Amino acid sequence: MKRLTVYVLTTCVLIGFLYQRDVASQIGAVKELAPGVYFHEGDLRGKGHCNNGWVIFDDYVLVVDANFPSGAQEIIPKIKAQTSKPIRFAFDTHHHGDHSYGNQIWVDNGAVPIAHENVVAEMRKYETGLFGGQPGRWENEVKVREDLKGTKLKAPSLLYRDLMIFDDGKHRVELRYFGVGHTHGDGFAWLPNEKILFTGDAAVNGPFNYMGDGDSGAWIDTLGKAQKLGAAIVAPGHGPAGDARVLEAQRQYFVALRSEVEKRKRLTPDRVMADVPAIRGTLLKQHATYIDTAPASTGFESQVAQVYKELTGKEFPKRAALDDARRAHERHHGIAD
Ligand SMILES: [Zn+2]
């Protein structure tokens, strides 16, 4: 009897777990988070796509994130299948290619790209080709992404500083800014009526953090401010949507990562680099969601290197193999340099 109970319990837990995973991650499926509010988990590993959201207002549709051009082209028919209302606005949560390189596609479909004003400042820094300077990230990316070839980079032209509000009496979307995090221009889309928060890559739900354009200390504060909104549903930039725990788990990961690196900040770059497997082992215990355990992955080492650089100003020694792998990892996010 006891054995049967254990068996039944184990089976239930297992089925529960599989079911959870099944409903949690539905790449390519349109998920209704609330009436008129939708979430679409992009195919990151296959196509480099980010997640999208959209809100159907009385007279128009507001889309969260422009995605890569191929991502925009995948989403547009899915929106048009739901509504004949015009898509008027595409909100870039930040400047990275997988969130903004599709801007021109949305413009071609009648929408205006919107962003926090720092997104344009970030583009001036990294997308130098667009502003008449040296080739920037777009020019690098166009060599490897077919979907960029038939379009062009378009900077957002409708900008906000602290807050932009869309409200038709039924739906309300507030575009917010809480400071530096994943980048210097992280915008959030907050729906106070439904308590839904679209975070862009300020929060992800999986081993997808890229830390090279932000600051991990400021990021922790930014996530803390976003948590004060009291979101019930969190739609991240990559990975499945979840509840408030997504924000807390993301914040706790950075707290733990910084604390491990902080302990070693008086060590040489070589020593800390040699300690990466030990740091990974410690963090895997409570933060496995955020750590890519694929043998070839160097994402975690890059994160340790980034935090070490923030804390000490020193860089890890360059390794050709690591550099290649880092570039491949970053290419997923459209930020290969
Ligand atoms: Zn990003």
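## Aromatic pairs

Both Y38 and W54 are buried, where buried stands for under 20% relative accessible area, exposed for over 50% and partly exposed for what lies in between, with a 1.4 Å probe and protein chains only. The model is predicted, with local features requiring pLDDT of at least 70 and side-chain atom pairs pLDDT 80 or more, while totals for chains, interfaces and linings use all residues. Residues are numbered from 1 along each chain as its sequence is written, and side-chain values use heavy atoms, leaving out hydrogens and water.

Across the whole structure, a search finds 14 aromatic pairs, counted when the ring centres of Phe, Tyr or Trp (its six-membered ring) lie within 6.5 Å, with planes under 30 degrees apart called stacked, over 60 edge-to-face and the rest tilted. Y38 and W54 form a stacked pair, because their ring centres are 5.8 Å apart and their planes stand at 25°. This pair links distant parts of the chain, with Y38 in strand β2 (residues 37–40) and W54 in strand β3 (residues 52–56), 16 residues apart; helices (H or I, at least four residues) and strands (E, at least two) are DSSP runs numbered from the N terminus. W219 and F254 form a tilted pair, at 4.3 Å centre to centre and 40° between the planes. W219 in helix α8 (residues 216–227) and F254 in helix α9 (residues 245–263) are 35 residues apart, so that pair too links distant parts of the chain, and both residues are buried.

## Ring cluster and charges over rings

Ring pairs also join F57, Y60, F89 and F166 into a cluster. The charged end of R137 sits over the ring of Y126, 3.8 Å from its centre, a description that requires NZ of Lys or CZ of Arg within 6 Å of the ring centre and within 35 degrees of the ring normal. The ring of F68 has the charged end of R145 over it, 3.6 Å from the ring centre.

## Zinc site

H94 (NE2), H96 (ND1), H182 (NE2) and D201 (OD) coordinate the zinc ion at 2.2 to 2.4 Å; donors are N, O and S atoms within 2.8 Å of the metal (3.2 Å for Na, K and Ca), and because water is not among the atoms, sites may look incomplete. Along the chain the donors follow the spacing H-x1-H-x85-H-x18-D. H94 lies in the loop between β5 (87–91) and α4 (97–100) and D201 in the loop between β11 (196–200) and α8, so the pair ties together parts 107 residues apart in sequence. Both H94 and D201 are buried.

## Positive phi in two loops

N67, in the loop between β4 (61–64) and α3 (69–80), has a phi near 65°, a positive value in a residue other than glycine, and counts as buried at 2% relative accessibility. K195, in the loop between β10 and β11, likewise has a positive phi, of about 55°, although it is not a glycine, but K195 is partly exposed, with a relative accessible area of 39%.
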